[in-house]
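Please look over the sequence and the model first, then read the notes below.

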Amino acid sequence: MQLAADTAVPAPAGVYHAPEALAYDVATAARIMGVSKATVFNELKKGTIAAKKFGRKTLITRAAIDAWVANLPARNAA
């Protein structure tokens with residue numbers, strides 16, 4: 001009997017997988033967080049999520065997104 005790992009097809013030679021981005025613009029961060037851009041801007045205004053500025057662009061780091069999610073209240077089981 002063969003295990004699934006034994007039958008896995010290796011990636012074709014020369015296929016490049018980009019590393020995960022370190023920071024995202026507001027629209028991308030909103031998609032990752034599962035909220036609207038307006039919600040992201042509101043969270044930035046309240047100071048519940050940290051951001052960096054690069055010129056006029058607002059960047060939100062993956063670490064800031066992870067910290068925001070970790071600080072959300074837990075849902076109590078009903």
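**A buried glutamate, a helix and a sheet**

The side chains of Glu-43 and Trp-68 make a polar contact of 2.9 Å. The model is a predicted one. The points below cover the surroundings of Glu-43, then helix H1, then the sheet.

Glu-43
- Glu-43 is part of helix H2, which covers residues 37-46.
- Glu-43 counts as buried because its relative accessible area is 12%, and the cut-off for buried is under 20%.
- The side chain of Glu-43 also has a polar contact with that of Lys-46, at 3.0 Å.
- When neighbours within four places in sequence are set aside, Glu-43 is in contact with Thr-48, Ile-49 and Trp-68.

Helix H1
- Val-26, Ala-29, Ala-30 and Met-33 are buried in H1, which spans residues 26-33.
- Viewed down the axis of H1, these buried residues fall within an arc of 100 degrees, so they line one face of the helix.
- An α-helix has 3.6 residues a turn, so residues three or four places apart point the same way.
- Packed against the buried residues of H1 are strand E1 (23-24), H2, strand E3 (57-61) and helix H3 (62-70).
- Gly-34 follows H1 and has a positive phi, near 75 degrees.

The sheet
- The open sheet has three strands in the order E1-E3-E2, with antiparallel pairing.
- E1 and strand E2 (52-54) are at the edges with a single partner strand each, so one side of each has no neighbour in the sheet.
- E1 and E3 are joined by two bridges, and Tyr-24 stands opposite Ile-60 in E3.
- H3 lies across E1 and E3, at about 60 degrees to E3.

Technical notes
Residues numbered from 1 in each chain as written. Predicted model: local features only at pLDDT ≥ 70, side-chain atom pairs only at ≥ 80, totals over all residues. Heavy atoms only, no water. Helix = DSSP H or I, 4+ residues; strand = E, 2+ residues; numbered from the N terminus. Buried < 20%, exposed > 50% of the residue type's maximum accessible area, 1.4 Å probe, protein only. Polar contact = N/O pair within 3.5 Å; in protein donor to acceptor, adjacent residues only side chain to side chain. Contact = heavy atoms within 4.5 Å. Arc of directions from axis to C-beta. Pairing = 2+ DSSP bridges. Axes fitted to C-alpha atoms, helices over the stretch in contact; angles between N-to-C directions.
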